[in-house]
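Please read it beside the structure.

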Amino acid sequence: MSEPMSFIPNPLIIPVGLLVGLAVSAPVGPVNVLCIQRTLQRGVAGGIAAGLGAVLGDGLIALAAAMGIGAVTSVVTHYRLAIQAVGGIVLIAFGLVLCRSHQRIQASSEETGPVGVLDYASDVPKSFFMTVTNPGAVLGLFAIFGGIGSFVEVRVPVEALILVGSIVVGSLAWWTMLSLLIARISDRFIDIDIDRINMIAGLALIAFGVVLLGEIGWVLMG
């Protein structure tokens, strides 16, 4: 009796997953704005912490898509306006908080005050919520999964999990690279008041929120 052949995953799954993770994270959005602001304020660790919530959000969405949970797509589509309204309000609220914040980057690399684990961890749920309440991002990732199937066949649950893991790694790689890049040029902001930076970041988040709410108004009026 011949021995059963060992399962060998499709070698294209990992590189494709990494590219998808980068692709869904790279477009400029509210989490990118938060990551840049936190890197300037707290360094590389702060930027990565701000992006970690998006990594978890992308992983959760990718897992749902990989497991073929069509009901998730239906729910997101059906409640799109409600989800979008919540996301828009959250972005505007957080943008207002940033606009009113007052920090300063010192001539040394030290912070004006001690930063604890809770300070870093508090940004994780913020960026996670920004990700999962963005219907465009959710449906976009589902659409990407639909396109992946045309040239990279996912045959068994193990391959689906490998694909999801690769997407998570790709997403984390983006936030790490962005944080390192911003930290590298942060010396240009030494000894300046970063209220202006916080104001720009806050206004950008508010603008994203207004666009989301404006789209709802457009749909309802149409």
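1. A crossing of two helices is called left-handed if the near helix is turned anticlockwise from the far one by less than a right angle, and right-handed if clockwise. The model discussed here is predicted. In it, the crossing of α2 and α9 is right-handed.

2. Two packed helices are described by the angle between their axes and the distance between the axes. For α2 and helix α9 (residues 157–184), the angle is about 45° and the axes lie 9 Å apart.

3. By class, the residues of the contact of α2 with α9 are nine nonpolar, three polar and no charged.

4. Helix α9 also packs against α1. The axes of α1 and α9 come within 7 Å and cross at roughly 45°, and the two helices are therefore oblique to each other. The crossing of α1 and α9 is right-handed.

5. On the α1 side, the residues that meet α9 are Ile13, Ile14, Gly17, Leu18, Val20, Gly21, Leu22 and Ser25. Among their partners in α9 are Glu159, Ile162, Leu163, Trp174, Trp175 and Met177. The contact of α1 with α9 comprises twelve nonpolar, six polar and one charged residues.

6. Helix α2 (residues 30–42) has a further partner in helix α7 (residues 123–132), with an angle of about 160° and axes 10 Å apart. Helices α2 and α7 are therefore roughly antiparallel to each other, as angles over 145 degrees are counted in that way. The crossing of α2 and α7 is left-handed.

7. In the contact of α2 with α7, Pro30, Val31, Leu34, Arg38 and Arg42 of α2 meet Asp123, Lys126, Ser127, Met130 and Thr131 of α7. How do the residues of this contact divide by class? Four are nonpolar, two polar and four charged.

8. The largest pocket has a volume of about 510 Å³. It is lined by 25 residues, of which Val24, Gly29, Pro30, Asn134 and Ala137 are the closest to its centre. The elements that give two or more residues to the lining are α1 (13–25), α2, α3 (44–66), α5 (80–100), α7, α8 (135–148) and α10 (195–221).

9. Is the lining of the largest pocket mostly nonpolar or charged? The lining residues divide into 16 nonpolar, eight polar and one charged.

Notes. Residues numbered from 1 in each chain as written. Predicted model: local features only at pLDDT ≥ 70, side-chain atom pairs only at ≥ 80, totals over all residues. Heavy atoms only, no water. Axes fitted to C-alpha atoms, helices over the stretch in contact; angles between N-to-C directions. Helix = DSSP H or I, 4+ residues; strand = E, 2+ residues; numbered from the N terminus. Parallel < 35°, antiparallel > 145°, perpendicular 65-115°, else oblique. Contact = heavy atoms within 4.5 Å. Nonpolar A, V, L, I, M, F, W, Y, C, P; charged D, E, K, R; others polar. 1 Å grid on protein atoms, 1.4 Å probe; cavity = no way out; pocket = protein on both sides within 12 Å on 5 of 7 lines; lining within 4 Å. Points joined across faces, edges and corners; volume = space filled by probe spheres on them.
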